[in-house]
Amino acid sequence: MVILIFRAHTKDGKDVFAYQAERKTDYFCPHCNQVVRLRAGMVVTHHFYHLKKCNCLYTGESMNHLKMKEQVIKYFQSYNMQIEVQVIPNRRTDILLQKNDKKVAVECQVSPITVEEWRKRTLDYSKRGIFVLWIFHID
């Protein structure tokens, strides 16, 4: 199975999505930090590929999840934002919004989640003073 990378880092460490990237520019894989480049076209889904063969262990995300995150990022583009940032040990939020001293973790949920897991994650964020915005994908 081919895994497509839709997000990379600039040399300054800033997040960039494939739809924002430029061709013939070096970016860096957020998982292994190796050089990636943009692959884009009229038929090809914009994505990054490793310039050299490497042992990157990135397993990817579903297309629905990635598209959901892309829409959320576009919607909140005027906010100070970080993508896939660890705010709780062993857990990354899809998007972290920050305005002044307020933080909002945006969780884009495509796969099924139990009420217990939803409650646990929400409480974990709340204990750290982080509000949570859950966005669910419903077929």
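Me: How do you know which features of the model to describe?
Reply: This is a predicted model, in which local features need pLDDT of at least 70 and side-chain atom pairs count only at pLDDT 80 or more, while totals for chains, interfaces and linings use all residues. Residues are numbered from 1 along each chain as its sequence is written, and side-chain values use heavy atoms, with hydrogens and water left out.

Me: What makes the span of helix α2 agree with its number of residues?
Reply: Helices are DSSP runs of H or I with at least four residues, strands are runs of E with at least two, and both are numbered from the N terminus.

Me: Which residues of α2 are buried, and what puts them on the same side?
Reply: In α2, Arg121, Thr122, Asp124 and Tyr125 are buried (under 20% relative accessible area, where exposed means over 50% and partly exposed in between, with a 1.4 Å probe and protein chains only). They cover an arc of only 155° around the axis, and therefore lie on the same side of α2; the arc is that of the directions from the helix axis to the C-beta atoms. On the other side of α2, Glu116 and Lys127 are exposed.

Me: Against which strands do the buried residues of α2 pack?
Reply: Those residues pack against β6 (80–88), β7 (91–99), β8 (102–109) and β9 (130–136), where contact means heavy atoms within 4.5 Å.

Me: What makes Lys120 and Asp124 a salt bridge?
Reply: A salt bridge is a side-chain nitrogen of Lys or Arg within 4 Å of a carboxyl oxygen of Asp or Glu, and the closest N and O atoms of Lys120 and Asp124 are 3.4 Å apart. Both residues lie in helix α2, four residues apart, about one turn of the helix. An α-helix has 3.6 residues a turn, so residues three or four places apart point the same way.

Me: How many salt bridges does this rule give, and what other pairs are among them?
Reply: The count comes to five, including Lys74 with Glu70 at 3.2 Å, N to O, and Arg37 with Asp26 at 2.7 Å, N to O. Arg37 in strand β4 and Asp26 in the loop between β2 (15–17) and β3 are eleven residues apart, and their pair links distant parts of the chain. Lys74 and Glu70 are four residues apart in helix α1 (residues 63–75), so about one helical turn separates them.

Me: Why are Arg37 and Asp26 called partly exposed?
Reply: Arg37 has 22% relative accessibility and therefore counts as partly exposed, as does Asp26 with a relative accessible area of 36%.

Me: Why is Asn33 called exposed, and where is its place?
Reply: Asn33 has a relative accessible area of 53%, and so is exposed; its place is in the loop between β3 (27–28) and β4 (35–39).

Me: Why does Ile138 count as exposed?
Reply: Ile138 has 72% relative accessibility, and therefore counts as exposed; the residue lies in the segment after β9.
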